[in-house]
Amino acid sequence: MSCIFCKIRDGEIPSYKIYEDDKVLAFLDITQATKGHTLIIPKRHVKNVFDLPEDVAADLFRRIPKIANALKNTFNPIGLNIINNNDKPLQSVFHYHVHLVPRYEKDEMVISFPNHMKDYDEKDYQALVNQVKINI
Ligand code: AMP
Ligand code: ZN
């Protein structure tokens, strides 16, 4: 298995682990986009959200408030973003992971949501809902 996060899980390559139990592992992201930038992964190898079993998701997400609060109480950020990249354009490690990114004044992080409201009317929104519902 050539997965870098499986190797971190197994201790085959070093990492800065901040939390571990039987289901998940949390460790510092090597880039430290902001101070305390942390990744939390399921111990089970899953490529990304499209393959994520509900029990693995539940086990991972129920731990997130604990880790988020530890980061908040340790570094006193003004806020915190939770980010997860799946496939293109941003996923670079194909073992599911969630980024916890504490935010600080003038921290140079850029997250931008374009606003396309002007392109949608009531019918357009309803058409989107109808399309997705077919696939749930
Ligand atoms: P993503 O682009 O969402 O797939 O995020 C992958 C993240 O893994 C990046 O932010 C990398 O900095 C981080 N990363 C890659 N290798 C390591 C490593 N050995 N230890 C800690 N973080 C890593
Ligand atoms: Zn893996």
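Two residues are in contact when they have heavy atoms within 4.5 Å. With that in hand, look at the fold: among contacts in the protein between residues at least 6 apart in sequence, 54% link residues at least 24 apart. What you see is a predicted model, in which local features need pLDDT of at least 70 and side-chain atom pairs count only at pLDDT 80 or more, while totals for chains, interfaces and linings use all residues. Residues are numbered from 1 along each chain as its sequence is written, and side-chain values use heavy atoms, leaving out hydrogens and water.

Now follow the chain. Four helices and five strands make up the secondary structure (DSSP runs: helices are H or I of at least four residues, strands are E of at least two, numbered from the N terminus). Starting at the N terminus, their order is α-β-β-β-α-α-β-β-α. Of the 136 residues in the protein, 34% are buried, that is, under 20% relative accessible area with a 1.4 Å probe and protein chains only.

Next, find ligand 1. Around ligand 1 there are 16 residues, and the closest are Asp29, Asn85, Leu90, Ser92 and His99; a residue counts here if one of its heavy atoms lies within 4 Å. The backbone takes part: a polar backbone atom of Ser92 is 2.7 Å from an oxygen atom of ligand 1, and one of Val93 is 3.0 Å from an oxygen atom of ligand 1. The protein covers 83% of the 500 Å² of accessible area that ligand 1 has on its own (Shrake-Rupley method, 1.4 Å probe).

Finally, visit helix H4, residues 122-134, where Leu128 is found. Leu128 has a relative accessible area of 38%.

Note on methods. Chains are lettered from A and ligands numbered from 1 in the order in which they are written. Buried means under 20% relative accessible area, exposed over 50%, partly exposed in between (1.4 Å probe, protein chains only). A polar contact is a pair of N or O atoms within 3.5 Å; within protein, one must be able to donate a hydrogen and the other to accept it, and residues adjacent in sequence count only if both atoms are side-chain atoms.
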